[in-house]
Structures are given as structure tokens and as C-alpha cells.
Amino acid sequence: MVINMNILDIIGPVMVGPSSSHTAGAVRIGLAARKLMGGEISRAQIYFYGSFLATGKGHGTDRAVIAGLLGYAVDDERIPFSFRYASEQGMDFTLEGQEDFGDEMHPNTVKMNLIGVNGRELEIIASSIGGGRIQIDEIDGLTVNVSGDYPTLIVHNLDQPGHVTEVTSMLAHKSINIATMQLYRSNRGGDAVMVIECDQGIPTEFISWIEHLEGIRKVTYLNLAGEIILADDSGTIDSAPGDEKNSFVGKQGMAGKERTEKNV
């Protein structure tokens with residue numbers, strides 16, 4: 001996988017803390033998880049792996065993740081005191097180590113099992129890959145490989161001919177350019193998922209249109225404008241204001257997968 005970086009990525013972010021990977025990246029992971037949840041967190045079970053586990057305490061990784069879950073930015077001066085603020089806000093959390101997430105995981109990896117005040121539950125695995133950059137590796141058991149830097153559309157569908165063409169053709173019709181596209185399926189004719197990162201935002205009515213297509217199970221959208229949109233096979237769209245720049249909602253996983261990744 002090719003990672004595009006600019007000079008600001010190399011220099012690193014403006015931040016509070018000693019390490020762009022162990023501190024700034026950890027804050028961004030927590031913040032991304034908060035956006036995935038669509039609001040405040042009531043309970044968080046957090047498991048650190050690899051370098052996060054071995055050296056994270058000295059770098060403040062534990063406090064950084066909690067700060068992100070509270071909605072703090074990487075340069076927020078409250079980060080070192082996040083445990084206290086979490087307690088004051090009623091967030092219950094546990095911090096543990098996990099020896100193995102699999103051979104392919106980045107050493108700066110954390111897994112979180114979250115429950116929101118809105119009742120939403122989420123399991124997320126994410127990595128800090130350097131310079132404050134992060135990658136969301138899994139959402140509820142589904143491999144996604146999402147950076148959070150682009151408007152991202154995740155479509156759960158039956159593995160049938162035509163679904164990819166329907167979605168991508170409509171994106172083209174709306175003059176929305178695809179930056180990257182990943183395709184997964186559990187087995188031939190089973191459950192499938194599209195993960196599409198775009199250069200432009202996606203209109204709400206387009207998401208509703210996709211959700212109502214035959215064979216589409218669920219549509220999830222990461223909206224850089226700060227609106228959380230989740231559509232599923234119930235025929236409804238759940239929308240709420242995001243608390244920061246990016247908002248992302250996801251639930252349900254898919255056991256087993258075949259993966260195709262395409263850079264467009």
C-alpha cells in the first residue's frame with residue numbers, strides 16, 4: 001500500500017505530548033472512535049498492543065486515547081489530565097494490554113469496545129502509523145483500512161452483479177471522484193462490502209438512494225462536514241451533528257473476507 005505524505009506529515013502535528021505516534025496519533029484514534037459513535041462515550045474498554053503496550057504509559061498514550069474519546073484535539077492542554085475529566089463527565093473506562101492482535105497489525109495498535117450515551121455499541125481497532133497519522137483497521141470485525149482523511153462511503157450488500165456499478169456510476173453522475181476503493185466479501189454470493197474514499201462530500205439524498213437499492217443491507221458515511229449519517233435495511237436514516245471535523249458511524253461486522261483494493 002502506498003502512503004502519500006507531505007512535508008507537514010514529516011514534520012509532525014502541533015500537539016501536546018512527547019510523541020506524534022504515541023500521543024498525537026493516540027488522540028486522533030480516540031477522536032475518530034468518538035465520531036464513529038456519534039457522541040459521548042459512557043463506557044470504554046481499551047486494549048493496547050505492541051509498542052503502545054510496551055512504552056505507551058511513558059508517552060501518555062493511555063491519557064491521549066481517553067482525551068480523544070472526550071473530543072479533545074491533539075493540541076488541547078487538557079490531555080495530560082484526561083483521566084480526571086473523564087471521571088468528572090461520567091465516562092467509565094478500563095485500560096489493559098493485549099499480547100496479540102495478529103501478525104499483520106501495526107505495533108502502535110489499540111482495540112476499543114465502546115458504549116455511547118446514545119446506546120450505540122462499537123468495536124474498533126486502529127493504528128497510529130507515524131506523524132500523527134492513523135488508520136482505522138477494523139470496525140466491528142470488518143477490515144476497512146480507512147484513514148479518515150476523506151469522505152468515506154461504506155456499503156454492505158449482497159455479493160451480486162451490478163452493485164459496484166450502480167454505486168460508482170451514481171458517484172460519477174454527481175461529479176464525485178473516487179480516491180480509493182476497497183471491496184470485500186465473505187464468500188461467493190454471500191455478504192460483501194464496498195469501502196469508497198472520495199474527494200468530495202456525498203449528498204444525503206444520494207446515501208438514501210443507495211440504501212433503497214435491492215440487495216443493499218446498510219450504508220455508512222464518514223462526512224467531513226460533520227454530519228453523522230447511518231442508513232440500514234430498516235429504511236431509515238439516522239442523522240445527528242458531529243462534534244468535530246469528521247463524523248463516522250458504523251456497526252455490525254462480517255466474519256471472513258476476500259479483499260480487493262483499488263487505487264483510482
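Residues are numbered from 1 along each chain as its sequence is written. In this predicted model, local features need pLDDT of at least 70, side-chain atom pairs count only at pLDDT 80 or more, totals for chains, interfaces and linings use all residues, and side-chain values use heavy atoms, with hydrogens and water left out.

**Exercise 1. The chain**

State how many helices and strands the chain has, and what percentage of its residues count as buried.

Solution. Helices (H or I, at least four residues) and strands (E, at least two) are DSSP runs, numbered from the N terminus. The chain has seven helices and 13 strands. Buried means under 20% relative accessible area, exposed over 50%, partly exposed in between (1.4 Å probe, protein chains only). Of the 264 residues, 50% count as buried.

**Exercise 2. Packing of α6 and α7**

Describe how the axes of helices α6 and α7 are placed, and list the residues that make the contact.

Solution. Axes are lines fitted to C-alpha atoms, for helices over the stretch in contact, and angles run from 0 to 180 degrees between N-to-C directions. The axes of α6 (residues 163–173) and α7 (residues 204–211) come within 11 Å and cross at roughly 160°. That makes α6 roughly antiparallel to α7 (under 35 degrees counts as roughly parallel, over 145 as roughly antiparallel, 65 to 115 as roughly perpendicular and the rest as oblique). From α6, the contact (heavy atoms within 4.5 Å) is made by Glu 166, Val 167, Met 170 and Leu 171. From α7, Phe 206, Trp 209 and Ile 210 take part.

**Exercise 3. The faces of α6**

Which residues of α6 are buried, and which are exposed?

Solution. The buried residues are His 163, Val 167, Thr 168, Met 170 and Leu 171. Seen down the axis of α6, the buried residues fall within an arc of 160° and so line one face of the helix; the arc is that of the directions from the helix axis to the C-beta atoms. Ala 172 and His 173, on the other side of α6, are exposed. Just after α6, Ser 175 has a positive phi of about 60°.

**Exercise 4. Helix α4**

Why is α4 described as largely enclosed by the rest of the structure?

Solution. Eight of the nine residues of α4 (residues 61–69) are buried, so the helix is largely enclosed. Among them are Thr 61, Asp 62, Val 65 and Ile 66. Gly 71 follows α4 and has a positive phi, near 95°.

**Exercise 5. Thr 220**

Locate Thr 220 and state whether this residue is buried or exposed.

Solution. Thr 220 is in strand β10 (residues 216–222). Its relative accessibility is 1%, so Thr 220 counts as buried. The C-alpha atoms of Thr 220 and His 156 are separated by 8.5 Å, with the two residues 64 apart along the chain.
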